[in-house]
Amino acid sequence: MAYAGSAAVRTALLLVVWWALTEGDPGAAGFGLGAAVLVALVSLRFFPPAAPHPRLAATLAFAGYFLLRSMVAGVDVARRLLSPRLPLRPGYLTYTTALAEGRPRWLLANALSLLPGTLSVTLRGDELELHCLDTSLPVHEDVARAEHWIARMFAG
Amino acid sequence: MSDTLLLVLQALLLVTGCLFFAVGTLGLFRLPDTLTRIHALTKADNLGLGLIVMGLLPAVAGPATAAKILLIWLVALAASATAAHLVGRALRAMEDGDDGSGP
């Protein structure tokens with residue numbers, strides 16, 4: 001049952017992608033429907049449905065947080081680059097994450113690369129090694145906040 | 001009147017977006033090492049692309065084209081985060097003395 005549900009959700013998402021790629025051309029809809037169903041079935045063989053599913057409200061909350069903070073990240077990096085003194089204090093920081101293995105950890109690592117001042121370098125088990133632009137900033141608190149939002153997404 | 005205002009806003013968003021791309025590229029020249037350069041490229045280009053996408057959205061033909069532009073932005077985000085992580089990991093592995101192809 002979970003399998004059929006996942007197949008339906010994935011087919012629907014792929015159809016949206018197809019609709020966007022063909023810019024809503026009705027002549028391509030039939031081919032798109034066939035392709036979406038096939039790709040959804042193949043994707044289930046490679047990536048079986050994994051629990052827990054991300055929760056919609058918490059996912060939107062994380063998306064909002066991510067959008068705002070990634071704008072801050074761009075402005076922050078631009079400000080440093082345009083300053084004649086080039087204010088940087090680069091260094092490594094190892095963060096131990098409490099997130100579950102798999103998607104939650106990967107999402108955190110990838111999101112952090114686009115958030116202010118952090119770049120994920122390695123992820124070994126629950127140890128996430130970050131490169132920081134300015135180690136005098138409260139990087140640890142920023143990472144903990146992003147982690148908190150992702151933990152809420154995957155809270156079973 | 002409001003058409004003109006929208007046009008000005010769009011132009012502003014597009015120009016600001018391009019400026020962020022330029023600043024990201026400036027980072028390639030000003031910054032001292034690979035990792036700090038990746039910081040500049042991923043973050044400044046991400047914001048630059050976001051601004052350009054917002055500037056283009058009011059001008060598209062229909063919702064499907066808007067979705068396509070948003071999709072491009074989303075894929076570019078995922079690609080830049082993944083590429084940044086892969087370059088960082090390979091670099092770290094080289095410092096540790098292997099070839100960076102490990103898990």
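The model is predicted.

Start with the fold of chain A. It holds five helices and three strands. Read along the sequence, they follow the pattern α-α-α-β-α-β-β-α. The radius of gyration is 20 Å, well over the 15 Å that the globule rule gives for 156 residues, so chain A is more spread out than a compact globule. Along the principal axes, its C-alpha atoms fill a box of roughly 60 × 35 × 25 Å. Of the 156 residues, 26% count as buried. Now take the contacts in chain A between residues at least 6 apart in sequence. Of these, 67% join residues at least 24 apart.

Next comes the hairpin. β2(A) and β3(A) form it, with two residues between them. Gly125(A) sits in the turn and has a positive phi of about 65°. The two strands run antiparallel and are joined by six bridges. One pairing to look for is Leu119(A) with its bridge partner in β3(A), His131(A). How enclosed is β2(A) by the rest of the structure? Five of its seven residues are buried, so β2(A) is largely enclosed. A residue counts as buried here if 20 or more other C-beta atoms lie within 10 Å of its own.

In all, 27 residues of chain A are in contact with 29 residues of chain B. On the chain A side, α1 (2-21), α3 (56-82), α4 (103-112) and β2 (118-124) each supply at least two residues. α3(A) gives the most, with eight residues. By class, this side has 18 nonpolar, eight polar and one charged residues.

The two chains also meet in the largest nonpolar core, which has 38 residues. From chain A, α3, α4, β2, β3 and α5 (139-153) each supply at least two residues of this core. From chain B, α1 (2-30), α2 (34-56) and α3 (63-96) do likewise. The largest share, eight residues, comes from α2(B). In soluble globular proteins, nonpolar side chains tend to be buried together.

Which residues have the most contacts inside this core? They are Leu108(A), Leu112(A), Ile150(A) and Ala44(B). Leaving aside neighbours within four places in sequence, Ile150(A) is in contact with Phe62(A), Leu99(A), Pro104(A), Leu107(A) and Leu108(A). Leu108(A) is itself among the core residues with the most contacts.

Technical notes:
Residues numbered from 1 in each chain as written. Chains lettered and ligands numbered in written order. Predicted model: local features only at pLDDT ≥ 70, side-chain atom pairs only at ≥ 80, totals over all residues. Contact = placed C-beta atoms within 7 Å. Helix = DSSP H or I, 4+ residues; strand = E, 2+ residues; numbered from the N terminus. Nonpolar A, V, L, I, M, F, W, Y, C, P; charged D, E, K, R; others polar. Buried ≥ 20, exposed ≤ 12 C-beta atoms within 10 Å, placed from the backbone. Pairing = 2+ DSSP bridges. Rg over C-alpha atoms; globule rule 2.2 N^0.38 Å. Core = buried A, V, L, I, M, F, W, Y, C linked by C-beta atoms within 7 Å.
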